[in-house]
Amino acid sequence: MQSPLDRRSGLHAAIIMDGNGRWARARGLPRGAGHRAGVKAIQQVAEAAPALGIGTLTLYAFSSDNWRRPAEEVGGLMRLLRAYLRGETERLARSGTRLTVIGRRDRLPAGIPEAIARAEAATEAGDRLNLRIAVDYSSRDAILAAAARLGPEGLSRDAMSEALCGPGDVDLLIRTGGEKRLSDFLLWEAAYAELHFTERMWPDFEAADLAAAVADFAARDRRFGGLNPPLLTAAA
Ligand code: IPE
Ligand code: IPE
Ligand code: MG
């Protein structure tokens, strides 16, 4: 089914949810406790996003490079994903949130691809917020796979944007946890994204922080290579 949100409405905000492990360490807790606390932050931002003018929210939950972590931590993250899908789908559907998961599915533990498909089907009519969660996601791999599908004759900027299955360019890209890097997230889509880095660790990130990031974004002068206002071009 086509959702009205397939055509872009509202801002596309994306968040690299980083800092769970350091949040836990600062409290003398195991890293898994940080990941569990991070799920609450996801619930908060998803609820707050539509009122802030965000139509699409893409969250980086697990990168393809995160498989390098100890099996115990990876297992814990996968269990959390399963619990999130099981526990949240109904609430998401009720709140008009359409959930989609981006990234590879063929390496996920048994049962998770099916749980993702169920959650996507149950929420596909959502027209208030397009919530995308990136799992086993690598932007470089996504670009390579899209290029292979398109073939040399089919390559163009528009075709690539479409083939990346997204709602298009990211307007605002937030990274929590203090690091200032993209870690292979939405490299194509973020070509002109406004970047917002915050020291806040992800489990501490709340609706007010999202509102502050959107206010920061609203004050930016986006020129896309041109001049602002455009009439300056004629005057020069
Ligand atoms: C982000 O928090 C969650 C994932 C990458 C899965 P981290 O686990 O990277 O937390 P830090 O960066 O070690 O604090
Ligand atoms: C990026 O965080 C991936 C996610 C937030 C899911 P990482 O913690 O894995 O990134 P690096 O290793 O600091 O670049
Ligand atoms: Mg990290």
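Modeller: Among contacts (heavy atoms within 4.5 Å) between residues at least 6 apart in sequence, 76% join residues at least 24 apart. This is a predicted model, in which local features need pLDDT of at least 70, side-chain atom pairs count only at pLDDT 80 or more, and totals for chains, interfaces and linings use all residues. Residues are numbered from 1 along each chain as its sequence is written, chains are lettered from A and ligands numbered from 1 in the order in which they are written, and side-chain values use heavy atoms, with hydrogens and water left out.

Colleague: What radius of gyration does the protein have?

Modeller: The radius is taken over C-alpha atoms, and the globule rule is 2.2 Å times the number of residues to the power 0.38. For 236 residues, a compact globule would come near 18 Å, and the protein agrees with this, having 18 Å.

Colleague: What share of the 236 residues is buried?

Modeller: Buried means under 20% relative accessible area, exposed over 50%, and partly exposed in between (1.4 Å probe, protein chains only). By this criterion, the buried share of the 236 residues is 47%.

Colleague: Where do the buried residues of α4 lie?

Modeller: Helices (H or I, at least four residues) and strands (E, at least two) are DSSP runs, numbered from the N terminus. In α4, residues 112-122, the buried ones are I112, A115, I116, A119 and E120. Down the helix axis they fall within an arc of 135° (directions from the axis to the C-beta atoms), so they line one face of the helix.

Colleague: Which elements are included in their cover?

Modeller: The buried residues of α4 are covered by elements including α3 (71-94) and β3 (97-102). Both belong to the order β-α-α-β-α-β-α-β-α-α-β-β-α-α from the N terminus.
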